[in-house]
Amino acid sequence: MNSNTDLKAQLIADFKDAEGKMNGEAKSPIHLVRQQALQTFDQLGFPTIKHEEWKYSNVKNLVSQSFAFNAPSDFSAADVEQMAIPNLDGNILYFINGVYNESLSTIVSPTDEVVILPLAEAIKSHADVIEKYFNQYADSADNAFTAVNTAFAKNGVFIYVPEKKVVEQPIILRFIADARETNVAAQPRNLIVAGKRAEVKVAEAFRSFGENVSFTNAVTEVYVAEEANVHYYKVQNETDQSYNIGTTAVYQEGRSVFTANTVTANGGFVRNNLNIKIDGEYAEANMFGLYIPNGKQHVDNHTAVDHAKPNSNSNELYKGILKDKSTGVFNGKIYVRQDAQKTNAFQSCKNVLISNDATMNTKPQLEIWADDVKCSHGTTTGQLNDDALFYMQARGISKDSARALLMLAFAQEVIDKMEIPAIKEYLEGLIVEKIYQA
Amino acid sequence: MLKINNLQAKIGEKEILKGINLEVKAGEVHAIMGPNGSGKSTLASVLAGREDYEVTGGSVDFFGKDLLDLAPEERAAEGIFLAFQYPVEIPGVSTTNFLKTAVNEIRKYRGEEPLDAVQFLKMFKQKMSYVNIDQSLLNRALNEGFSGGEKKRNEIFQMAVLEPKLAILDETDSGLDIDALRIVAEGVNKLKSPDNATIVVTHYQRLLDYIVPDYVHVLYKGRIVKSGTKELALELEERGYDWIKAEVDAAEVSA
C-alpha cells in the first residue's frame with residue numbers, strides 16, 4: 001500500500017516547495033489542515049487494486065506519470081466561446097488547468113443573493129465560514145485522492161447562499177484541462193454552503209483538450225442547511241486520455257433536499273465518489289447518474305448515503321450504456337443507523353451492454369441497523385430488448401436507428417431529471433451524438 | 001402481389017412450416033385459420049422477417065422481389081405490415097416519435113423527402129379518425145401501460161399511417177371485447193383498397209364477421225390443408241377443427 005510512485009513523490013516535493021515560499025499563511029489554521037492531509041496522503045499512498053474500493057479501477061498508469069499542475073494555457077476568449085454550452089445563462093466560472101480565470105468568467109447574481117468567490121480569496125475574506133465548513137465533510141482518512149486534494153486546497157470556488165436566499169441563476173463551473181502541450185493536472189476544491197431555506201443550482205462541467213494526459217482530482221463539499229434545496233450537477237465530457245477522479249461530499253440537515261445528477265458523456269478514466277450524510281429528519285437525497293462509455297473508457301461511480309436520523313428518504317437511479325470494450329463500475333452503499341427509523345432508501349442501477357466486450361461491475365451494499373425502514377435495491381445488466389428491436393424494424397426503422405432510439409429512451413429517464421434546460425439540451429446532444437456513433 | 005412457394009421454416013430444431021403455398025393478389029382478403037400450434041403466427045413472423053425463425057426452403061416473391069432476401073425494415077419499406085399479436089411496450093419512446101422515425105426512414109428508402117412536423121400533424125389527425133384513437137395515447141410511451149384494446153387500435157393506427165400494400169394481422173382479435181373488435185375491424189375495412197391486400201391470421205371466426213375474407217385457408221401441421229371461401233370459416237366455427245385434423249391424420253396414415 002505504501003508503494004511510492006512518481007506522482008506521489010512529485011506531489012510531496014511540490015508541497016514542500018510551495019510551503020517554503022509561503023508568506024505568513026504557513027501558520028494559518030487552513031494550512032495546518034493541509035499539512036495534516038499531506039501526512040495522511042503520504043501514509044496512504046495512491047490506492048492499488050488490492051484496496052477494496054479500487055478493485056476495478058486501476059490507477060497504476062496514472063500514478064506512474066508526471067504532470068504539470070496548474071499549468072498556464074493560452075486559451076483565449078474566442079476559444080472559450082467555442083466550448084461554451086449553448087443558450088446557457090447564469091454565473092459561468094472558468095477554471096483552466098485548475099486556475100480560476102476571471103476575465104473569461106461571468107458572475108451575474110447579486111452579491112446579497114449569493115457569494116461566489118475563488119476559494120483562495122474566500123479563505124481570506126470569509127475565514128469564519130471557511131473554518132466552520134471546510135474539510136468537515138470530505139474524509140481523507142481512507143482516500144488518498146481526497147487527502148492530496150486537501151493538502152493542495154487553494155484553487156476552486158466558494159459558494160455561500162445566505163438564509164432564505166433563492167439563487168435565480170445557476171452557477172456553472174467549467175473545469176477545462178488544456179493538455180495540448182503537456183500532461184496537465186488540476187485539483188479543484190469547492191465549498192458550497194446553502195443556508196436555511198436557501199436554494200441554489202450548481203453544475204460542474206469538465207472538459208479536456210489535447211493529446212496529452214490530463215488529470216483532474218476535484219473535491220466538492222456541500223453543506224445543506226435546514227429546508228435548503230441544492231441541485232448539483234456533474235457533467236463530464238473529456239478525452240480518452242483524461243483521468244477524472246473526484247469526490248462530492250454532502251451534509252444535509254433536517255427537511256433539506258439535495259439532488260445530484262452525475263452524467264459522464266466521455267472520459268478515459270472516471271471515478272466519481274458521491275457521499276451524502278443525512279443528519280436531520282424529513283430530508284431527501286436524490287442521486288441520479290448516467291454514463292455511456294465507449295472504446296476503452298472506464299467509468300466508476302461510488303455512492304454512499306448515510307441515514308443518521310429518522311424519517312428521511314433517499315432515492316437513487318444510475319443508468320449505463322456500455323459500448324465496445326468499455327468498463328463500468330457501480331458501488332452503492334446505503335447505511336441506515338439505529339436512530340434512523342422510518343427511513344425510505346431506494347437504489348437502482350440499470351445497465352445495457354451494447355457489445356460482448358463491455359464489462360459492468362455492480363455492487364449494492366446495504367447496512368441497516370434500524371428495524372423499521374423501507375429499503376430496496378436492484379441492479380440489472382442486460383442487452384437491448386430483441387422484441388422491441390424487431391417491432392421497430394417491422395415498422396421500417398433500420399436496426400441501427402432502432403438501437404439508437406432504444407438507447408436514447410433508456411437514457412431519457414435520467415436526462416429528464418435535469419432542471420437546467422441548457423445543460424439538459426447540451427447533454428442530450430452529446431448523448432445522441434455518442435449513441436449514433438457506430 | 002405475394003407468391004409463397006413451398007415455404008419451410010424452423011425454430012431451433014423444430015420444423016414449423018413444412019411447405020406453404022399461397023398466392024395473394026391486390027384487392028384480396030385472405031384468412032389463415034387453424035388450431036393452436038399449427039404455424040399461423042410463425043408464417044406471419046417469417047413474412048415480416050423475424051430472425052428467430054430459420055427459413056430452410058422455398059421462396060417468397062413480393063412484387064417481383066425476393067422477400068426472404070430483405071431485412072425486416074426493408075420489407076416494411078416495400079409495403080409489408082405486420083400487426084402484432086402482442087405489440088411490444090417500449091418505455092421512453094412516444095408513439096408519435098416512433099412513427100415519425102418510421103415514416104421518414106421508409107420515405108428515405110423510397111427516395112422521398114422527409115415529412116416535416118406540420119405535415120405529420122395533419123396526417124396523424126386524419127388517420128387517428130380511422131380507429132378512434134386519442135392524441136393523449138399517442139403522446140405516451142409506445143404501448144406502455146396500454147390496455148389490450150388500445151394496443152390493437154394503435155397497431156391499426158400505425159397501419160393507417162404506413163399505408164402498406166400487404167397487411168398481415170396476427171391474431172388481432174385476441175384479447176379484444178366485441179366493441180374493440182368492431183372498432184379495429186372497421187379501421188381495417190376503411191383501409192382496404194383495390195391496390196392492397198390483407199392476410200388475417202386468426203383462430204376464431206368472429207373477426208371474419210367484420211373483416212370478410214375472399215379466401216379462407218386452414219393451416220395444420222405446417223401446411224395449408226384446406227382452402228375455400230368464407231363459408232369454410234363458418235363451417236369451422238360450427239364443427240371445430242377436429243374433423244380437419246382427422247382428415248389430415250387419416251391421409252398421413254394411409255400414405
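**A walk through the model**

Leu32(A) is partly exposed, at a relative accessible area of 48%. The classes are: buried under 20% relative accessible area, exposed over 50%, and partly exposed in between, with a 1.4 Å probe and protein chains only. Leu32(A) is found in helix H2 (residues 29–44) of chain A. Helices (H or I, at least four residues) and strands (E, at least two) are DSSP runs, numbered from the N terminus. The C-alpha atom of Leu32(A) is separated by 37 Å from that of Asn315(A), 283 residues apart along the chain.

Some ground rules come next. This is a predicted model, where local features need pLDDT of at least 70, side-chain atom pairs count only at pLDDT 80 or more, and totals for chains, interfaces and linings use all residues. Residues are numbered from 1 along each chain as its sequence is written, chains are lettered from A and ligands numbered from 1 in the order in which they are written, and side-chain values use heavy atoms, with hydrogens and water left out.

Now the charged pairs. Side chains of opposite charge can pair when their charged atoms come close. Here a salt bridge is a side-chain nitrogen of Lys or Arg within 4 Å of a carboxyl oxygen of Asp or Glu. The count is 29 salt bridges over all chains.

Asp300(A) bridges to Arg271(A), with the closest N and O atoms 3.1 Å apart. This pair links distant parts of the chain: Asp300(A) is in strand S16 (residues 298–307) and Arg271(A) in strand S14 (residues 269–278) of chain A, 29 residues apart. Both Asp300(A) and Arg271(A) are buried.

Glu235(B) and Arg239(B) form a salt bridge at 2.8 Å between the closest N and O atoms. They are separated by about one helical turn, because they sit 4 residues apart in helix H8 (residues 230–239) of chain B. Glu235(B) is partly exposed at 30%. Arg239(B) is partly exposed too, at 45%. Elsewhere, salt bridges that share partners join Asp74(A), Asp178(A) and Arg180(A) into one network. In it, Arg180(A) meets Asp178(A) at 2.8 Å, N to O. Asp178(A) is buried at 7%, while Arg180(A) is partly exposed at 38%.

Turn to the rings. Rings of Phe, Tyr and Trp (its six-membered ring) pair if their centres lie within 6.5 Å; planes under 30 degrees apart count as stacked, over 60 as edge-to-face and the rest as tilted. There are 24 aromatic pairs over all chains. Phe67(A) and Phe215(A) make a tilted one, 5.7 Å centre to centre with 50° between the planes. Phe67(A) lies in the loop between helix H3 (60–63) and strand S1 (68–69), and Phe215(A) in strand S10 (residues 214–224) of chain A, so the pair ties together parts 148 residues apart in sequence. Phe67(A) is buried at 5%, and Phe215(A) is buried at 2%.

Last, the annotation. UniProt, in an unreviewed entry, lists residues 182–410 of chain A as "domain: SUF system FeS cluster assembly SufBD core". UniProt positions use the numbering used here, feature names are shortened, and annotations may be inferred rather than shown by experiment. The span is 9% helix and 60% strand, and its end C-alpha atoms lie 38 Å apart.
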